[in-house]
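Subject: Handover of a structure and its findings

Dear colleague,

Please find below the structure that I am passing on to you.

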Amino acid sequence: MDTDPWISWVINQIIATHGTMRINELAQDVVLSRRQFGRKFTERIGVSPKAFSQIVQFQYALDLANTTNKLVDIAFEAGYTDQSHFIKEFRKHTASIPSDFFLFIKIMSHFYKNKKYVQGKNDDTH
């Protein structure tokens, strides 16, 4: 499939700004109306530019969670308007609140690092 050069540029802009660049601004930069831009983007990528941007922004927030566990810092750095906006978006993408999600990740990480639970080591029948 041939990709229009503008779509590669747009995706790079969205990723470079961690999903925070305004869709209207992107449409203006490629000299399309917002409606034309949205239609062309969705045809080529499979999701709307807004949905794609939200996914990129959320992924960036998850990456930030590896360096800090303060939700307000993650929300601010990832470009969310406030902590409650971040939590709302978090629930949309994970069906969980951040504290529960990160606790689960921590528990699962410990579970898989513990040698007792490595495949073949937990067989008590021998």
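This is a predicted model: local features need pLDDT of at least 70, side-chain atom pairs count only at pLDDT 80 or more; totals for chains, interfaces and linings use all residues.

Residues are numbered from 1 along each chain as its sequence is written, and side-chain values use heavy atoms, with hydrogens and water left out.

Overall organisation

The protein chain comprises seven helices and zero strands, where helices (H or I, at least four residues) and strands (E, at least two) are DSSP runs numbered from the N terminus. Along the sequence the pattern is accordingly written α-α-α-α-α-α-α. Of the 126 residues in the protein chain, 28% are buried; buried means under 20% relative accessible area, exposed over 50%, and partly exposed in between, with a 1.4 Å probe and protein chains only. The accessible surface of the protein chain is about 9,000 Å², and carbon and sulfur atoms hold 53% of that surface. Accessible areas come from the Shrake-Rupley method with a 1.4 Å probe, and for residues only the protein chains shown count as cover. Among contacts (heavy atoms within 4.5 Å) with a separation of 6 or more, 43% join residues 24 or more positions apart.

Pockets

A pocket is here an open set of points on a 1 Å grid over the protein atoms alone, where a 1.4 Å probe fits and protein lies on both sides within 12 Å along at least five of seven lines; lining residues have an atom within 4 Å of a point. Grid points are joined across faces, edges and corners, and a volume is the space filled by probe spheres set on the points.

The largest pocket holds about 390 Å³ of space. Its lining consists of 16 residues, with G19, T20, M21, R22 and Q57 nearest the centre. Two or more lining residues come from each of α2 (23–29), α4 (49–64) and α6, and α4 gives the most, with four. By class, this lining has three nonpolar, nine polar and four charged residues. For these classes, Ala, Val, Leu, Ile, Met, Phe, Trp, Tyr, Cys and Pro count as nonpolar, Asp, Glu, Lys and Arg as charged, and the others, Gly among them, as polar.

The second largest pocket has a volume of about 230 Å³. Residues that line this pocket include L62, N66, L71, I74, F102 and I105. The elements giving two or more residues to its lining are α5 and α7 (98–113), with α7 giving the most, five residues. Eight of the lining residues are nonpolar, four are polar and none is charged.

Individual residues

L71, which lines the second largest pocket, lies in helix α5 (residues 71–78) and counts as buried at 19% relative accessibility. Not counting residues up to four places away in sequence, L71 touches Q83, F86, P98 and F102.

E89 belongs to helix α6 (residues 83–94). This residue is buried, with a relative accessible area of 8%. Beyond its neighbours within four places in sequence, E89 is in contact with Q54 and Y80.

S96 is found in the loop between α6 and α7 and is buried, with a relative accessible area of 17%. Leaving aside neighbours within four places in sequence, S96 is in contact with F90, R91 and F101.

With kind regards
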